[in-house]
Amino acid sequence: MKAARWHKAKDIRVETIEEPVIAPGKVKIKVHWTGICGSDLHEYAVGPIFIPVEEPHYLSKDIAPIVMGHEFSGEVVEIGEGVTKVRVGDPVVVEPILACGECAACKKGKYNICKHLGFHGLSGGGGGFSEYTMVDEKMVHKMPEGLSYEQGALVEPAAVALHSVRLSKLKAGDKAAVFGVGPIGLLVIEALRAAGASEIYAVELSQERAAKALELGATAVINPQEEDAVARLQELTDGGVDVAFEVTGVPVVLKQAIDSTTFEGETIIVSIWETEASIQPNNIVLSERTVKGIIAYRDIFPAVMELMTKGYFPAEKLVTKRIKLDEVVTEGFETLMKEKNHIKILVNSQE
């Protein structure tokens, strides 16, 4: 079968590899659509970050080159002995977390902060940028009737957004700011709407993304190149937002996000970082603010899909390009490196 494998930074190749052979407790999936994630782009540009290169991953036992793609939907084509959760023919999405089940976090049910955390499509074991992949039964979620495979490919990134809002202190009626409205930032806006935020402010440089933020329900968008974003947010909210979401991974933006919150406000760090970031702790201490990081999601895919059936996280507003697997580098990764107007590019593994 065809699959796109990461060999090193700026070196992803569509190659012919062995099709997975079903095993007990496993589900084999014919992949339909896979999204190119910001994490994928980081791996392409400056990786490895999650990709194992010096020794095999603790859980997958794989080492680069590895098949990429962790935001995907597909159809069950074969099930292994003992599988009861899904049947052949079911449309499914995959929760791509690899967790050991034995560390302290896993034993408390917080498998997304597993000591040995990995991701199907980043840490080995296969991935969505292939014609077929195979996963553990526990990673599979049957899609509700009415959701398209394209919509299914957005469940994973929407889960990141919803998890970040769920773990924040935000209550219905609170005010929020989202710093950076790329794909995840836009999905955070959707999650904030679902959570009942009364005012949602976006801070964004791109005019195209700013327009999309307004289309999805942002109260206003602030361009930090044109005005002081923190001062403007303080003015618009009479003292600061209740919760700020940092979704850029840019060091200076983290400080802005913290400073934009009111006293006892909270900043949620959603980004994965390539560099260190400097902050002034007194900006937190003197206002009794809090800063919290989130990674991925847990126990949330069914809730995301239920919200999708109600119109949240709409693919028709978020998908800006659809390509074939053979085009994943030239029309996918390279396009995203050069053009910042795209929101979500989906890759079709079956054409």
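View 1. Helix α7 (residues 229-236) lies across β11, β12, β13 and β15 (261-269), running at about 170 degrees to β12. Helices (H or I, at least four residues) and strands (E, at least two) are DSSP runs numbered from the N terminus. Axes are lines fitted to C-alpha atoms, for helices over the stretch in contact, and angles run from 0 to 180 degrees between N-to-C directions. Before we move on, please note that this is a predicted model, in which local features need pLDDT of at least 70 and side-chain atom pairs count only at pLDDT 80 or more, while totals for chains, interfaces and linings use all residues. Residues are numbered from 1 along each chain as its sequence is written, and side-chain values use heavy atoms, with hydrogens and water left out.

**View 2. Six parallel strands build an open sheet.** Follow the order β13-β12-β11-β14-β15-β16 to walk across the 6 strands, whose pairing is parallel; two strands pair if DSSP finds at least two bridges between them. At the edges stand β13 (220-222) and β16 (290-293), each with a single partner strand, so one side of each has no neighbour in the sheet. From one strand to the next, the twist averages 20 degrees. Inside the sheet, β11 (residues 175-179) and β12 (residues 199-203) are joined by 5 bridges, and Val178 has Ala202 in β12 as its bridge partner.

**View 3. His70 sits in a loop and is buried.** The loop holding His70 runs between β4 (66-67) and β5 (71-79). With a relative accessible area of 3%, His70 is buried (buried means under 20% relative accessible area, exposed over 50%, partly exposed in between, with a 1.4 Å probe and protein chains only). Its side chain makes a polar contact of 3.4 Å with that of Asp40 (a pair of N or O atoms within 3.5 Å; within protein, one must be able to donate a hydrogen and the other to accept it, and residues adjacent in sequence count only if both atoms are side-chain atoms). Leaving aside residues up to four places away in sequence, His70 touches several others, including Cys37, Pro96, His120 and Glu156; contact means heavy atoms within 4.5 Å.

**View 4. Salt bridges link separate stretches of the chain.** The whole structure has 17 salt bridges, each a side-chain nitrogen of Lys or Arg within 4 Å of a carboxyl oxygen of Asp or Glu. In one of them, the closest N and O atoms of Asp326 and Lys2 are 2.9 Å apart. That pair links distant parts of the chain, 324 residues apart: Lys2 is in strand β1 (residues 2-8), and Asp326 is in the loop between β17 (319-324) and α12 (328-338). Arg5 and Glu15 form another salt bridge, at 2.6 Å between the closest N and O atoms. Arg5 lies in β1 and Glu15 in β2 (residues 11-16), so this pair ties together parts 10 residues apart in sequence. Arg5 is partly exposed at 22%, whereas Glu15 is buried at 17%. Glu227, Arg232 and Glu235 are linked in a network of salt bridges.
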